[in-house]
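Visitor: I would like to learn how to read a protein model. Please take me through it one feature at a time.

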Amino acid sequence: MTAKTEMNSSEWTLLGKGQANAVYQYIGNTETNSTSSHPEYKNKVLRLRLSVTTDKTQDIYNYIQLPQFDKLRKFIVPMELVYLGPNFNNTIQQRGPQDVQLNCNDTYGLLMPNLFQGESNAHKLKLNKQLSFHYTDDLEYVLLEFKPKWLYDPPYPDQHKCRNCALLGTKNERFVNCTLKLLKGDDGIRDWCTCVQNEIDLRAKEANGEEQLRLNNLKVFDKLFKILIENQQVFKTLYELQNKPGVNFHETLKNLPNLKENVNEEFILFSMTLKDVSIIIDLNSGDLKLIDLDKKNKDKFAKWSSQEKKLNPFYFKD
């Protein structure tokens, strides 16, 4: 933990926000020849909790440091817990858009590398709600952002769709590419990457003008396949940690808050955290990082149970 009480909120600007966090990038001086500069913030972002959250930044940081994450440690984006003081969040919130409401009782932030450094000039291609590409015209910046979601063995003998595919189907997503392929070695990864490239090519045919030209140039298969082959251990480890022998997670969620003897709350919350991680892949550098490892809370039990009951019929439909 490092005290950063000298942080000036006016030197940070909003980069983006999700459902639980807002991310700010540093716009102050990072030159080493200036007494007022902060070179340690160069290419860094500051992640702050939104007002809708109950767990504070220090809780999240301490949770990610637990030994249960050690098998994934080399893939997790580096982060530093920094003390901001009692007024930082309130001050930076007042200067920002009204729809970004921060948890002003939180006195800490997470300082992390900016994985989206080329975003200011980038285009975004969203293939579905779980998979997007960020890329520039010259393709010097190409990122894949996706959620592998549930990596498991579908438990029902007559189950036609995994949980991920069923969920995307209920959202009327046109592109559904089963992430369970990523557990099936080189052939499964090749199939998954082929489907991604085919969908990009299809979007290019449907586009016009400059967008069509950009998408025609977006050839990702070779680099993506190589990176995923080299890092397939991340999917195997997520699979290992998300699951427990003899536990049908579909039934476990449906029956919440009631639990069987071989399942406890901590395992469910840990598993659901891992089922919601995002993977960021830099296709040019080959770097792969895990983000979004925030702790889940049991106040989601009712929501998870209800959602699972609604999804259940879709597992058995073609």
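**Reading the model**

Guide: Start with C195, which counts as partly exposed because its relative accessibility is 24%. Buried means under 20% relative accessible area, exposed over 50%, and partly exposed in between, with a 1.4 Å probe and protein chains only. This is a predicted model, where local features need pLDDT of at least 70 and side-chain atom pairs count only at pLDDT 80 or more, while totals for chains, interfaces and linings use all residues. Residues are numbered from 1 along each chain as its sequence is written, and side-chain values use heavy atoms, with hydrogens and water left out.

Visitor: How many disulfides does a search of the whole structure find?

Guide: A disulfide is a pair of cysteine sulfur atoms within 2.5 Å. The search of the whole structure finds 0. For C195, the closest cysteine sulfur is in C193, 9.4 Å away, and that is too far for a bond. Another cysteine, C104, counts as partly exposed because its relative accessibility is 27%.

Visitor: Which residues of helix α1 are buried?

Guide: Helices (H or I, at least four residues) and strands (E, at least two) are DSSP runs, numbered from the N terminus. In α1, residues 57-64, the buried residues are T57, I60, Y61, Y63 and I64. They lie on the same side of α1 because they cover an arc of only 160 degrees around the axis. The arc is that of the directions from the helix axis to the C-beta atoms.

Visitor: In what order do the strands of the open sheet stand?

Guide: Two strands pair if DSSP finds at least two bridges between them. Here 5 strands form an open sheet in the order β7-β8-β9-β10-β11, with antiparallel pairing. β7 (123-128) and β11 (288-291) stand at the edges with a single partner strand each, so one side of each has no neighbour in the sheet. From one strand to the next, the twist averages 20 degrees. For such angles, axes are lines fitted to C-alpha atoms, for helices over the stretch in contact, and angles run from 0 to 180 degrees between N-to-C directions.

Visitor: How many bridges join β7 to β8?

Guide: There are 5 bridges between β7 and β8 (residues 131-135), and the two run antiparallel. As one of the pairs, N128 has L131 in β8 as its bridge partner.

Visitor: Which way do the residues of β11 point?

Guide: L288 and L290 point one way from β11, K289 and I291 point the other way, and all are buried. β11 pairs with β10 (residues 278-282) in the antiparallel sense over 4 bridges, and K289 is the bridge partner of I280. The hairpin of β10 and β11 has 5 residues between the strands, and there G286 takes a positive phi near 85 degrees.

Visitor: Which residues have a positive phi although they are not glycine?

Guide: One is N172, with a phi of about 60 degrees. N172 is found in the loop between α3 (163-170) and α4 (185-206), and it counts as exposed because its relative accessibility is 70%. Another is D292, with a phi of about 65 degrees. D292 lies in the loop between β11 and α10 (301-311) and counts as partly exposed because its relative accessibility is 33%.

Visitor: Where is the cis peptide bond?

Guide: The cis peptide bond joins L256 and P257, with omega about 10 degrees. P257 sits in the loop between α8 and α9.

Visitor: What does K244 touch?

Guide: Leaving out residues up to four places away in sequence, K244 touches N262 and F267. K244 and N262 are 18 residues apart in sequence, and their C-alpha atoms are 8.9 Å apart in space. K244 lies in the loop between α7 (233-242) and α8 (249-254).

Visitor: Which backbone nitrogen lies 3.2 Å from a polar atom of the side chain of N248?

Guide: That of E251. N248 is found in the loop between α7 and α8.

Note on methods:
Contact = heavy atoms within 4.5 Å. Polar contact = N/O pair within 3.5 Å; in protein donor to acceptor, adjacent residues only side chain to side chain.
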